[in-house]
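Subject: Handing over the model

Hi,

Here is the structure I promised to pass on. Have a look, and then read on for what turned up in it.

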Amino acid sequence: MKLLINSFPDVRKVRKLILSLLVFPLAQTAFAQADTIRLTLPQAEELFLRKNFVLLAQKYNVNLAEAAVQQARLWDNPNLQVEVNAYNPNTGKLFPLVNRTHDPMNPSGGSYSWQLQQMINLAGRRSKLVALNQTSVDIQQATFQDVMRALRFQLAQTFGNLQAEQAQVQLLQEERQRLSGLIDAFRAQLKLGVVAEYEVTRLELEQKNADADLSRLQAQISQDEASLRVLLADAGTTYYVPDMPASTAAQPELNKLLDEALAQRPDLQVAQKQGIFASRNLTYQKSLATPQLLLGADYERFGNAYPSYLGLQVGMDLPVKNRNQGNIQAAKVGIEQAKDVTSQAELQVRQDVISAWQQWQNALALKAGISDDYLGRIAEISRNATADYQKRVIDQVSFIDKIRSYKDAQLNLIQLNNQVFQAQQQLNFVTNTHSF
């Protein structure tokens, strides 16, 4: 962008005026009321990571999955049952909690019992469930990274578009000011009868066209500023001015980008971890085919074969018909399904990188075709057009053609620089790296 901006005539003056002297009074009022902040893309990403509401909300899914792991580690609670005699028909007493005769063979009360049971998981069921839920945590973490990757890409896109749009505003504002000065001069000459009225009208029409272009740009800037404020969780009316130094990053090779994408892409990691989840789910479902073991002890006072009865309990479901066959079969199908999903994800990653790399190469080729000599000649056209027209060296048609050529060339250069930047950010996105 430095090459582009330095080619503008009187660009330092334009920089000072652009945020305070916009075309329309409404825009002037809006920006005057808003704080203006210059920030780089790394600074914007830092704010985004700390404050973005979507990221904060997605983080809760990771916390929920971690809570499920914690719950899976817990043993089943023991079960305690206590029973007391509510009514003694021999004595007619309610809740006869005391044996008043003290005769264990013919008690008058004091009958009670208790039972304590504990469920024991066999076949490592609990540890397998912990491993299964831990995989869910890994999936949620990868999903979180994928959400962050998409939002960071949206942030970079908005950042680059804003920079390009604000540069276009600078250019169009400069051209409008030049036309405005020329129109004022020609209006004075019109009163003297030196120039024809149609010349002034034609220049005013060109100025109105510039006003319309600026209006469209300001509307787009307002939308992108709002999008940027949402990404940065800024509830105010801050006007952000992107500050993007020229990129000095080396050009990575396609094979390196492919390797990085296959290692770093979180959506691919989600697919891979879903395959791990499916495998661990099969292991867990097989463990469910082994019944749980119930161990317990019970005590009865005056309620069994002899006054103080202490018993030991052992219980287990008999896997006669239900051995969890359906869930085991479904888990096996899930493994095959996960393999296909992972293969598709790998294919998508590779093609995403290849496409983004080709777009980047095309943008670089276009930019390489813009030489310093070409930029100098375009700037020369701009500098000489107004003076030549005022001196009548060229007619009005040639003047308008020259200033339009200069404007179109500069606008195309701004768009081309943004195209290169967006292609670089696309490569960062598809590889989940900071290559640029």
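A quick term before anything else: buried means under 20% relative accessible area, exposed means over 50%, and partly exposed is in between (1.4 Å probe, protein chains only). By that scale Gln329 is partly exposed, because its relative accessibility is 47%. Gln329 sits in helix H10 (residues 325-368). Its C-alpha is 8.4 Å from that of Leu282, although 47 residues separate Gln329 and Leu282 in sequence.

Some housekeeping. This is a predicted model, so local features need pLDDT of at least 70 and side-chain atom pairs count only at pLDDT 80 or more, while totals for chains, interfaces and linings use all residues. Residues are numbered from 1 along each chain as its sequence is written, and side-chain values use heavy atoms, with hydrogens and water left out. Helices (H or I, at least four residues) and strands (E, at least two) are DSSP runs, numbered from the N terminus.

Now the sheet. Four strands make an open, antiparallel sheet in the order S2-S5-S7-S8; strands count as paired if DSSP finds at least two bridges between them. S2 (79-84) and S8 (308-316) are the edge strands, each with a single partner, so one side of each has no neighbour in the sheet. From one strand to the next the twist averages 15 degrees. (Axes are lines fitted to C-alpha atoms, for helices over the stretch in contact, and angles run from 0 to 180 degrees between N-to-C directions.)

Gln81 has Gln115 in S5 as its bridge partner.

Next, the inside. A nonpolar core here is a set of buried Ala, Val, Leu, Ile, Met, Phe, Trp, Tyr and Cys residues joined through side-chain atoms within 4.5 Å. The largest one has 31 residues, and those touching the most other members are Leu39, Phe48, Leu55, Leu155, Phe159, Leu228 and Leu232. Helix H6 (125-191) is among the elements that give two or more residues to this core, as are H4 (41-51), H5 (53-72) and H7 (197-231). H6 supplies the largest share, ten residues. Beyond its neighbours within four places in sequence, Leu228 is in contact with Leu155, Thr158, Leu162 and Tyr240, where contact means heavy atoms within 4.5 Å. There is also a second, separate core of 15 residues, including Leu268 and Val353.

How do the helices pack? The axes of H4 and H5 come within 6 Å and cross at roughly 45 degrees, so this pair is oblique. For the labels, under 35 degrees is roughly parallel, over 145 roughly antiparallel, 65 to 115 roughly perpendicular, and the rest oblique. Phe48 and Leu49 of H4 are among the contact residues, as are Phe53 and Leu55 of H5. H6 and H11 (residues 372-390) have axes 12 Å apart at about 10 degrees, and are therefore roughly parallel. There, Glu175, Arg178, Leu182 and Phe186 of H6 meet Ser382, Thr386, Tyr389 and Gln390 of H11.

Last, an unreviewed UniProt entry annotates residues 155-220 as "coiled-coil region". In the model that span is 92% helix and 0% strand, with its end C-alpha atoms 16 Å apart. UniProt positions follow the numbering used here, feature names are shortened, and annotations may be inferred rather than shown by experiment.

Cheers
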